[in-house]
Amino acid sequence: MESEASQTMSLKILVEKEKNRIVFVEANKDFVDVLFSFLTIPLGTIVRLTREHFLKEKIGCLNNLYETLEKFDEDFLSSEHKGILLHPRCATDVYCRDLKVNLVECNESKYYVCRDDCCDVVSYDQNDSCLCGKALHYELDLLNPVPQGGCGFIEPTVRFMITDDFQVLPMSTMAGLSLLGNFGALDGSKIEERLLNIGKDEVLKLLKRSLASRTPFSDSILEPPFSKTKPMINYGQYGPRMMNQSQRDVDTRNKDEKINLKLIINRSNNRALYAEVEENFVNLLCSFLSFPIGFIFKEFPHLSFKGCMGNLYKSVQDFDVNKFFKSEEMKSILLDPKLAPGTSYHNKLIGIEEVVNLSYETLSSVCNIEFLDLSSESPLREVKIGGRLVKGPSMFMVTDSLSIAPLSPISGISLINRLKVPLSDIQELEVNMGEEEVSHKLTAVKL
């Protein structure tokens, strides 16, 4: 295990003293790679990381969904599927495993091959068969990254300026002066240079604040860790997605797929109190936890967020791939994040793709590899979630805050009473959710 010192990164920060605000940060590849890796982290991992380290500040309805799955009975959700959803695998783990700060435990990921010299496919699941038909009897032990390649997405020699709201910029004196001008701090007596070392705890604070604040650096470095107010993401109006051709093909293919549900509504104000749904709708909600957060910014660029991770995504878009990224592939991984293999949901109402299995050639270009013979051992049991997650046929109640429970008329009536809605004012409304409605539900989820 790496020492805490080896996971520490150095930053140079410029502080406007009167407002006690960070104007911008200067950082090298190590820190920017960690920031960019935020875009690849599954939503379920973000919920788990932030709540484990900041238990007093649970945020948003994704946390409700996560807690629901933790409490789900084996009658409805197997422990194997529960584990995959609560600890979703990151599709980019091979590129992030040796980052200075590794938030998603990439070093625990496993890869398997059949060890035939003619085969080049690496699988994430030992229960797969190789393309040649042989069993996967060899696990790849990924050692230290190849020195000339290293890990991460950015070229090793470049350095960057990062604003308090997560805009990542190339180094530029004039850009620095412009940022100072925005603070009205062109008088040198108003600013102060500081050196700062940050580790995993500080990076976790930055991750959380980037989802709720426009000033995550100042909030997590210059101020007490968090304010007493409950942070929330403020989502704006639902906007159209920007789709490439392959996405349009997916949407056209799935335009007739629907999920049916019954809304229990307050007739007076036309407000939904909860929904009665089958297991297919709960499957869909559960699958949200496997989505990398960068997918939200890719698919819904017109949404308004209170946080500033959207600025991080736009910075990747704006960077010249030839000057800053190791390759076009590295930039694409960040701009078009995908699911880890074996974690897709069978109902393709949301057009998110799985990443393809790596080739042995690609993996060996990133890491030194040692083969471990597993042929004499019992096979490891990994479960894919490409089919159904929740056992059925089943009926559930889902509230607007994504709390889920087995359907119970008594519990429903008790909820209506707690909300002080007259029972005579209750109405049932049947609705069908297609691709657009499901996308709308995804964007309405608060982190």
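How many bridges join β5 to β6, and in which sense do they run? Three bridges join the two strands, and β5 and β6 run antiparallel. Two strands pair here if DSSP finds at least two bridges between them. Helices (H or I, at least four residues) and strands (E, at least two) are DSSP runs, numbered from the N terminus.

This is a predicted model, in which local features need pLDDT of at least 70, side-chain atom pairs count only at pLDDT 80 or more, and totals for chains, interfaces and linings use all residues. Residues are numbered from 1 along each chain as its sequence is written, and side-chain values use heavy atoms, with hydrogens and water left out.

Take the whole chain next. The chain holds 17 helices and 13 strands. Of its 447 residues, 51% are buried. Buried means under 20% relative accessible area, exposed over 50%, and partly exposed in between (1.4 Å probe, protein chains only). Contact means heavy atoms within 4.5 Å. Among contacts between residues at least 6 apart in sequence, 75% join residues at least 24 apart.

Back to β5 and β6. Both belong to an open sheet of five strands, in the order β6-β5-β2-β1-β7, with antiparallel pairing. The edge strands are β6 (168–170) and β7 (191–198), and each pairs on one side only. From one strand to the next, the twist averages 30°. Axes are lines fitted to C-alpha atoms, for helices over the stretch in contact, and angles run from 0 to 180 degrees between N-to-C directions.

Within this sheet, β2 (residues 21–28) pairs with β5 (residues 159–163) in the antiparallel sense over five bridges. Glu26 stands opposite Met161 in β5. Strand β5 is mostly covered, with four of its five residues buried. On the β6 side, Phe160 has Pro170 as its bridge partner. Four residues lie between the strands in the hairpin of β5 and β6, where Phe166 takes a positive phi near 70°.

Phe160 leads on to the aromatic rings. Ring pairs link Phe36, Phe160, Phe319, Phe324 and Phe325 into a cluster. Rings of Phe, Tyr and Trp (its six-membered ring) pair if their centres lie within 6.5 Å; planes under 30 degrees apart count as stacked, over 60 as edge-to-face and the rest as tilted. The whole structure has 13 aromatic pairs. In one of them, the ring centres of Phe36 and Phe325 are 6.3 Å apart and the planes meet at 20°, so the pair is stacked. Phe36 lies in helix α1 (residues 29–37), while Phe325 is in the loop between α13 (321–324) and α14 (328–335), so the pair ties together parts that are 289 residues apart in sequence. Phe36 and Phe325 are both buried.

A second open sheet of five strands has the order β12-β11-β9-β8-β13, with antiparallel pairing. Strands β12 (404–406) and β13 (426–433) stand at the edges with a single partner strand each, so one side of each is left without a neighbour in the sheet. Here the twist averages 30° from one strand to the next. Strands β8 (residues 259–266) and β9 (residues 271–278) pair in the antiparallel sense over six bridges. One of the residues involved is Ile264, whose bridge partner in β9 is Tyr274.

Helix α10 (residues 279–287) touches β8, β9, β11 (395–399), β12 and β13, and its direction makes about 105° with that of β9. Helix α16 (residues 409–418) touches β8, β9, β11 and β13, and its direction makes about 170° with that of β9. Helix α10 is mostly covered: eight of its nine residues are buried. Among them are Phe281, Val282, Leu284 and Leu285, and also Glu279.

Thr68 is in helix α3 (residues 60–71). At 9% relative accessibility, Thr68 counts as buried. Leaving out residues up to four places away in sequence, Thr68 touches Leu402, Ser403 and Ile404.

The charged end of Arg89 sits over the ring of Tyr111, 5.1 Å from its centre. The rule asks for NZ of Lys or CZ of Arg within 6 Å of the ring centre and within 35 degrees of the ring normal.
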